[in-house]
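Please look over the sequence and the 3D structure below. A short briefing follows.

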Amino acid sequence: MPRWARFLCCTVTGQLLSFAGVLLAAGAVEQAPRFWTALQSFTGTPAFWSLFTVYGAVAAASVLAARALVNLYGLPAPAAGLAAGTLLALCYVAALTGANLTWWGGWAGAWTRLWPAAAWFALPFAGAGSLANWLWERLD
């Protein structure tokens, strides 16, 4: 399989897995009965599709970073994907914090609002990165 096709396949797989994982984690944390109906109405907005595109960019960056870790340091593909997905999830959380810092009331408000849930947010990215890079090796 050509490298571009593997890259596209692994990126789309990582995007779908991370997006679904974050939605499932959010549904589990929220435990609100109206979460899924609110999500269903949110899918029709441009904000949803821009968020979906951001997840695609993060998945592509995760695949590229993991392949760099594999080629430069000789890490196994799943471990490199796990490391790359975790690192990019933390970068995304930091960017999200920086963008909303004043609205959330400064560092104190952001700390109590976002960082306890950062692990729930990072786990789907780490798992998706690991599985996408495992898939890379299988599509060889």
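Is threonine 97 buried or exposed? Threonine 97 counts as buried because its relative accessibility is 2% (buried means under 20% relative accessible area, exposed over 50%, partly exposed in between, with a 1.4 Å probe and protein chains only). This is a predicted model, in which local features need pLDDT of at least 70, side-chain atom pairs count only at pLDDT 80 or more, and totals for chains, interfaces and linings use all residues. Residues are numbered from 1 along each chain as its sequence is written, and side-chain values use heavy atoms, with hydrogens and water left out.

**Threonine 97**
- Threonine 97 sits in helix α4, residues 77-100 (helices are DSSP runs of H or I with at least four residues, numbered from the N terminus).
- A polar atom of its side chain lies 2.8 Å from the backbone oxygen of valine 93.
- Beyond neighbours within four places in sequence, threonine 97 is in contact with Trp104, Trp107, Ala110, Leu114 and Trp115 (contact means heavy atoms within 4.5 Å).

**Helices α4 and α6**
- Helices α4 and α6 pack at an angle of about 145°, and their axes are 7 Å apart (axes are lines fitted to C-alpha atoms, for helices over the stretch in contact, and angles run from 0 to 180 degrees between N-to-C directions).
- Their crossing is right-handed (the near helix is turned clockwise from the far one by less than a right angle).
- The α4 side of the contact includes Ala77, Gly81 and Val93, and the α6 side includes Ala118, Phe125 and Glu137.
- By class, this contact of α4 with α6 has twelve nonpolar, six polar and one charged residues (Ala, Val, Leu, Ile, Met, Phe, Trp, Tyr, Cys and Pro count as nonpolar, Asp, Glu, Lys and Arg as charged, and the others, Gly among them, as polar).

**Helices α1 and α6**
- Helix α1 (residues 3-30) packs with helix α6 (residues 118-138) at about 155°, with axes 8 Å apart.
- That angle makes α1 roughly antiparallel to α6 (the term covers angles over 145 degrees).
- The crossing of α1 and α6 is right-handed.
- The residues of this contact divide into 16 nonpolar, four polar and two charged.

**Two more residues**
- Glutamine 15 lies in helix α1.
- At 11% relative accessibility, glutamine 15 counts as buried.
- Glutamine 15 touches Phe52, Tyr55, Gly56 and Ala59, leaving out residues up to four places away in sequence.
- Alanine 119 belongs to helix α6.
- At 48% relative accessibility, alanine 119 counts as partly exposed.
- The C-alpha atoms of alanine 119 and leucine 90 are 9.1 Å apart, with the two residues 29 apart along the chain.

Technical notes:
Helix = DSSP H or I, 4+ residues; strand = E, 2+ residues; numbered from the N terminus. Polar contact = N/O pair within 3.5 Å; in protein donor to acceptor, adjacent residues only side chain to side chain. Parallel < 35°, antiparallel > 145°, perpendicular 65-115°, else oblique.
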